[in-house]
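Hi,

Here is the structure I said I would pass on. Have a look at it when you get a minute, and then read my notes below.

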Amino acid sequence: MSDKLFVKSMKLADIIHADWRLLYVLPRFGIKSGFGDAAVTDVCKKYNVNADLLILICNIYTFEDYTPGVKDMNRVPLEGLMAYLKQSHSDYLNKRIPHIIKHIERLADESHSRERKIIEQFCESYKKEVIAHFDYEEQVVFPYIDSLIRKEIGQQFKIDDFLHNHSNIEDKLSDLKNIIMKYMKADDDEDYRDLLIDLFLLEEDLKRHAIIEEKILVTPVEAMEQSNG
């Protein structure tokens, strides 16, 4: 992994070589494979993506201690950021989490463990929690931000309410990993490891997602609230 921050002039392929986990990020921007030696700016132009936003997201996902400056955040359109977050929600709910749950169910069937029912109930409960978490953001938080952008103020909601109610949905994944590691047995140990790797990757992904919402999204919204009195 590179120790230098990514910039727009870099080749997108070089960024992926530096951190392959960003392969999960690109589809959320609608960027498909086969971008050759094109620079980030050229790829973003092709897919109508804000290059500053893509670079910001890539740096957040890759560098643990990265904190974007005010200028970096000001170059990122809130509408584009919310679109990315919505696509992330869709990715989690329609691909990543269902894939993991199916994997768990398959291994649970093979293991015939007494804990199978507990694991399945945990998965179902977690999925419902994630859906509620994302619904709140998409039905309450994002429309509120849209109203601020349009200067159509009238709601009593404040972005600080979002921060107070923002649950850490990645924390329960740690509990699930522990349950699986302690109680689930599998005939195919490689299959078992693949499941745990998927869980670790999703947990890390959700942590980055939370940082983007709580640090990158909230800051400009707070500024808009202050300017609107």
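What follows is a quick run through the cavities in it. Keep in mind that this is a predicted model.

Rolling a probe the size of a water molecule over the atoms shows where empty space is left. Here that search turns up three cavities of 30 Å³ or more.

Start with the largest cavity, which holds about 90 Å³ of space. If you want to find it on screen, pick out Arg 21, Tyr 24, Tyr 61, Arg 96, Leu 201, Glu 204, Asp 205 and Arg 208, which line it. Helix H9, running over residues 189–227, is the top contributor to this lining, with four residues.

Next comes the second largest cavity, at about 60 Å³. Its lining is made up of Ile 97, Ile 100, Ile 101, Ile 104, Cys 123, Tyr 126, Leu 173, Leu 176, Leu 199 and Leu 202. Four helices put in at least two residues each: H5 (78–111), H6 (116–149), H8 (171–183) and H9. Of these, H5 gives the most, with four residues.

And what classes do the residues lining the second largest cavity divide into? The lining has 10 nonpolar residues, with no polar and no charged ones.

Cheers

Methods
Residues are numbered from 1 along each chain as its sequence is written. This is a predicted model: local features need pLDDT of at least 70, side-chain atom pairs count only at pLDDT 80 or more; totals for chains, interfaces and linings use all residues. Side-chain values use heavy atoms; hydrogens and water are left out. On a 1 Å grid over the protein atoms alone, a cavity is a set of points where a 1.4 Å probe fits but cannot get out, and a pocket is an open set with protein on both sides within 12 Å along at least five of seven lines; lining residues have an atom within 4 Å of a point. Grid points are joined across faces, edges and corners, and a volume is the space filled by probe spheres set on the points. Ala, Val, Leu, Ile, Met, Phe, Trp, Tyr, Cys and Pro count as nonpolar, Asp, Glu, Lys and Arg as charged, and the others, Gly among them, as polar.
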